Amino acid sequence: MSTPDAPTPPVVVRTRDELRDALTDWALGAPAPTDRRAVVMTMGALHDGHLALVRRAREEAGPGGQVVVTIFVNPLQFGQGEDLDAYPRDLDADLALLAGVGADVVFAPTPDVVYTDGDPVVRVSAGRIGEVLEGAFRPGHLDGVLTVVLKLIQLTRPDVALFGQKDAQQLLAVRRMTRDLDLPVQVVGVPTVRDDDGMALSSRNAYLSDGERRAALALSRALQTGSAAAASGDGVSAVLASASGILNEASDVVVDYLALVDPDTVDEVPTGHTGPALLLVAARVGTTRLIDNQAVDVVAPAAENEPAGQEETRD
């Protein structure tokens, strides 16, 4: 028998009909005009970063709103040779974590529920956003992400969808899709959650040995070093050089890319850029591929910030 303080477990649904019933039941409960439905899309193997998304979703939904968490390992976003079969799956553990953090409904479908006719013939294209950085190293990855995100938006019909800022390029692609395709959903980015040592939380961290985890800390150190260089006024080249220096010193880290990009387009910023930018890194540590990023503000050199002196007056 549950106690008054026991966490409330979410309702678990696995089929489209069960999901439709759960959504309808909430809508028929006469929610207040300010209450909304919020969705958090995950692939399971939940950690504190995911739980931060759910807690934020609870805030966005309102006290009488509905929070839906999807748990689905999407095969479309895994390329050949990637870890689809090995990707960690533990629904019972995920549900235990979700109890009491604000999730009302968990939609945990199998691939045949999401893709009723098998691999979809028509898919969403990420366009040029999907051809650079992650798209260059994982061709088709962002197309697969956007295809499933669009389907899950259609199935869950949320007012707001929450995504982690750690997957910066994915967040940008989702935001662009909602604008370009006029999807009636607000996209909210939630800050990256990090361990005390600075490492960004990721389901793939579980693959790392103790030694590999220590080596992987080079990613967050590189971002911190690059951020400091950006604030010092040394310019774009110094930001990249300082971050690259940290990565080069880590012998067990194989870098896929390190880039300083426009936060709205993921285009690399020019050498003379000042202002907001996003420092992105992707690297392999052992057999595990990790990504991370840091928002930075590239400050103009001190000489450019100082007011011009008065010209010498002459008689």
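Q: Which element gives the most to the lining of the second largest pocket?
A: Helices (H or I, at least four residues) and strands (E, at least two) are DSSP runs, numbered from the N terminus. On a 1 Å grid over the protein atoms alone, a pocket is an open set of points with protein on both sides within 12 Å along at least five of seven lines, and lining residues have an atom within 4 Å of a point. With 5 residues, the element that gives the most is H7.

Q: What pLDDT do local features need in this model?
A: Residues are numbered from 1 along each chain as its sequence is written, and side-chain values use heavy atoms, with hydrogens and water left out. The model is predicted: side-chain atom pairs count only at pLDDT 80 or more, totals for chains, interfaces and linings use all residues, and local features need pLDDT of at least 70.

Q: How much space lies in the second largest pocket?
A: Its lining has 18 residues, with Gln 165, Ala 168, Leu 278, Asn 293 and Ala 295 nearest the centre. Helix H7 (168-180), strand S8 (275-285) and strand S9 (288-298) each give two or more residues. A volume is the space filled by probe spheres set on grid points, which are joined across faces, edges and corners. For this pocket it is about 390 Å³.

Q: How many nonpolar residues are in the lining of the second largest pocket?
A: Ala, Val, Leu, Ile, Met, Phe, Trp, Tyr, Cys and Pro count as nonpolar, Asp, Glu, Lys and Arg as charged, and the others, Gly among them, as polar. The lining has 4 polar and 4 charged residues. Its nonpolar residues number 10.

Q: What volume does the largest cavity have?
A: A cavity is a set of grid points where a 1.4 Å probe fits but cannot get out. The whole structure has 1 cavity of 30 Å³ or more. Its lining includes Lys 166, Ser 202 and Asp 292, and helix H8 (210-232) gives the largest share, 4 residues. The volume is about 90 Å³.

Q: Which residues have the most contacts inside the largest nonpolar core?
A: A nonpolar core is a set of buried Ala, Val, Leu, Ile, Met, Phe, Trp, Tyr and Cys residues joined through side-chain atoms within 4.5 Å. This core has 45 residues, and helix H6 (residues 141-156) gives the most, with 9. Another core of 28 residues, among them Ala 222 and Val 298, lies apart from it. Those with the most contacts inside the largest core are Val 149 and Phe 163.

Q: Why does Leu 183 count as buried?
A: Leu 183 is found in the loop between H7 and strand S6 (186-190). Contact means heavy atoms within 4.5 Å; leaving aside neighbours within four places in sequence, Leu 183 contacts Leu 150, Ile 153, Met 177 and Thr 178. Buried means under 20% relative accessible area, exposed over 50%, partly exposed in between (1.4 Å probe, protein chains only). Leu 183 is buried because its relative accessible area is 15%.
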